Amino acid sequence: MASTTATEAATLNSFNTRARQALRDERLRDAVARSTDLLGSRRVEALSELANADELRDAAAAIRSASVSRLRSLLDEWSDNFTALGGTVHWARDAAEATGAIAEIVAASPAGPGAVVAKGKSMASEEIHLNEVLASAGADVIETDLGEFIIQLAGEAPSHIIAPALHKDRFQIADLFTADSGQAVSAEIHEEAAYARDRLRRAFLDAGVGITGVNFAVASTGSICLVENEGNGRMCSSLPSVHVAIMGMERIVADLAELDVMLNLLARSATGQALTVYTNLITGPRRDGEADGPENLHVVVLDGGRSAALHSQYSSALSCIRCGACLNVCPVYRQVGGHVYESVYSGPIGAVLTPILRPDDPSARELPEASSLCGACTEACPVQIPLHDLLLKLRLERAPESATATRRWGFRLWSLAWSLPLVRHISRVLTRLGLRCTRVLRRLPSRGWPGAWNKCRDLPRAR
Amino acid sequence: MQALRAAGCEPKDVGGAFCCGQPAYNSGFAKEARRVAKPTLRAVSKASSGDCVVASGSCAAMMSHYWPELFAGTPQAAEARRVAERTKELTVYVSSRLESEPVNDAPQAESAAEVHPPLAEEPVVIHDACHALRGLGAAEATRRALAASGRRYVNPPGSERCCGFGGLFSVKMPDVSVAMADEKLDLLASTGCETVVSCDLSCLVHLEGRAGRRGLALRFEHAASLLEGIGPGAGK
Ligand code: SF4
């Protein structure tokens with residue numbers, strides 16, 4: 001137990017340590033505040049255009065929680081239909097099984113293990129660290145979503161669910177493109193876009209395998225739905241002869257009517273668009289006589305801790321449709337950005353999901369603390385996940401065992417003391433006196449929680 | 001108390017009420033929270049069977065939303081549910097006692113002189129506490145109550161964003177908490193108002209502490225102290 005406590009103490013400082021670093025980075029803070037403000041205000045605007053936004057949210061929440069509660073049967077239905085269409089399903093319990101399956105598919109593809117792999121945006125692929133595995137097997141993986149491409153060049157992880165390079169400004173992007181091309185790329189947006197377009201077009205044409213995520217699988221039709229704004233997802237899923245889609249196992253709806261509700265909310269909540277520029281509904285591989293589409297279509301269904309979460313008090317977190325709205329309104333995320341969470345998912349949903357999906361990861365355990373429980377996330381979530389209550393539940397479940405000894409004993413003694421009438425009386429009197437002599441108090445505490453207050457804030461005055 | 005009397009009520013002080021247990025509960029220590037909250041629960045239910053008015057948004061939210069959960073499965077479960085139903089945040093309570101007029105959109109222009117007694121000419125800027133805003137839906141009530149007190153008020157930009165207090169969050173993650181306070185203070189100050197009003201004392205202590213350290217010329221008042229100016233005719 002002692003060692004857990006020590007690790008805990010070390011990691012408890014690490015969010016703070018990383019946050020301090022981020023807080024000193026003015027460029028990052030500017031970029032994050034500007035982009036989240038923009039995404040957030042567009043979301044509000046797009047939802048206000050709907051006459052029935054509240055009903056739609058109720059419907060979406062109901063659809064998602066019904067899907068989560070009958071996940072097994074929906075997945076079976078989808079898988080039967082998908083297989084009948086000629087697709088191949090791979091069930092992966094964890095990251096190793098998922099990356100193993102995908103590496104085998106790449107190795108067996110016409111281009112072999114050294115294939116150029118054009119990859120669209122997929123958070124599930126981040127969960128399994130796919131790029132590293134494929135690269136070490138010899139593949140040349142290139143991210144084709146603009147944001148993902150930028151952070152791939154920077155050697156970083158996504159800092160936002162839908163806008164992975166949100167923390168970078170255009171000057172930093174110009175530097176990355178210049179280094180990549182060996183020629184000067186200016187910080188003019190159109191020039192940056194032109195460079196990326198040219199570079200990525202080559203990748204699409206060379207690619208032997210395309211890899212994408214999945215926004216929703218549709219059980220009744222066996223389809224997978226992929227939404228995006230750049231057309232790169234469509235390229236990845238139609239140009240190469242092999243297409244592999246990776247899907248978190250909870251991302252399923254029963255039929256097209258349910259998909260309609262979800263699509264109506266997803267883009268509005270994510271970017272404030274009524275619909276994304278490209279909405280791909282892929283129903284099986286290329287059929288005879290069709291001009292394009294992959295000959296081989298695979299879907300890797302990733303469990304990755306989800307089954308365990310299904311049967312816990314946190315199952316509502318599996319309703320998440322990865323819109324990023326909760327990040328955009330989170331006041332903590334706003335100050336420090338996504339990398340500080342050191343987890344694939346950041347912001348409120350990251351602070352909930354990471355400790356649930358990775359219960360044994362000590363660095364995930366401190367994430368539920370990274371919230372003032374203001375509830376802005378819950379209010380923004382299109383599928384009504386009670387995010388701040390889940391954060392609180394995580395604290396309630398885990399703090400009594402995993403908090404530092406000081407904290408445990410502190411609360412125990414505090415509560416014992418305050419359950420005695422005499423102590424309550426004395427502390428009332430002391431509070432009154434204490435508030436009147438803050439000048440003395442100000443000098444006293446320099447460590448621990450009082451010190452943390454005192455370092456940057458004055459003590460309260462008497463009222 | 002003054003505020004409630006001004007609104008035409010006859011309040012009774014709950015002698016033994018002390019702490020609602022929120023600091024421990026939000027840190028994940030339910031048992032300890034229960035231990036501290038129990039005497040308060042007892043005192044409230046012993047004091048009266050009427051409404052229990054709480055002059056702090058977050059304590060009110062704790063008592064009305066989380067107490068039933070906190071005491072679930074204990075001998076106090078039923079008592080906690082009853083008290084939760086009766087618990088009202090101060091401005092919500094006061095505004096429910098006023099004639100039901102819709103609030104005008106802030107900033108309000110000329111009402112100060114008409115309602116008596118006019119407290120001051122300068123408008124105040126409202127800080128919406130998160131628990132009151134989202135948990136209790138108190139934003140409109142706070143404004144109605146303030147308007148009735150004859151005080152003009154202004155809504156700051158970013159009014160729905162948290163000030164960074166969050167109970168022990170303010171000391172567990174002090175740097176992020178202070179960064180949030182700084183942004184909030186800048187937004188409040190940008191209105192040109194000198195007085196910040198909120199229905200949550202803990203937000204005010206945090207903001208005031210930070211403003212003091214930064215040397216900002218802002219004053220902080222609990223909504224209760226302004227509500228004392230509600231005219232005698234304002235209550236139903
Ligand atoms: S938790 Fe809700 S708001 Fe956050 S990303 Fe998921 S669906 Fe969107």
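Mentor: A salt bridge, as the term is used here, is a side-chain nitrogen of Lys or Arg within 4 Å of a carboxyl oxygen of Asp or Glu. Keep in mind that the model is predicted.

We begin with the parts. Chain A is assigned domain 1 (2–46 + 308–402), domain 2 (50–304) and domain 3 (410–455). The part to look at is the interface of domain 1 and domain 2 of chain A. The C-alpha centres of these two domains lie 23 Å apart. In contact across the interface are 37 residues of domain 1 of chain A and 39 residues of domain 2 of chain A.

The size of an interface is often given as the accessible area lost when the parts come together. Domain 1 and domain 2 of chain A bury about 3,200 Å² between them, and 58% of that is on carbon and sulfur atoms.

Now the salt bridges. The rule finds two of them across the interface of domain 1 and domain 2 of chain A. A salt bridge also joins A:Arg27 to A:Asp169, with the closest N and O atoms 2.8 Å apart.

Which elements supply the domain 1 side? Those of chain A that give two or more residues to the side touching domain 2 are helix H2 (26–48), helix H14 (325–329), helix H16 (347–357) and helix H17 (376–380). H2(A) provides the largest share of that side, ten residues. By class, the side of domain 1 of chain A that touches domain 2 of chain A divides into 21 nonpolar, eleven polar and five charged residues.

Two of these helices turn up again at another surface. H2 and H17 of chain A are among the helices that each supply at least two residues of the side of chain A that touches chain B. There, H19(A) gives the most, with eight residues. The side of chain A that touches chain B has 24 nonpolar, ten polar and 18 charged residues. Chain A and chain B bury about 4,700 Å² between them, and the rule finds six salt bridges across their interface. One salt bridge joins A:Glu369 to B:Lys172, where the closest N and O atoms are 3.1 Å apart.

Methods: Residues are numbered from 1 along each chain as its sequence is written. Chains are lettered from A and ligands numbered from 1 in the order in which they are written. This is a predicted model: local features need pLDDT of at least 70, side-chain atom pairs count only at pLDDT 80 or more; totals for chains, interfaces and linings use all residues. Side-chain values use heavy atoms; hydrogens and water are left out. Domain bounds come from an automatic or database domain assignment. Contact means heavy atoms within 4.5 Å. Buried area is the accessible area (1.4 Å probe) that two parts lose on being put together, summed over both. Helices (H or I, at least four residues) and strands (E, at least two) are DSSP runs, numbered from the N terminus. Ala, Val, Leu, Ile, Met, Phe, Trp, Tyr, Cys and Pro count as nonpolar, Asp, Glu, Lys and Arg as charged, and the others, Gly among them, as polar.
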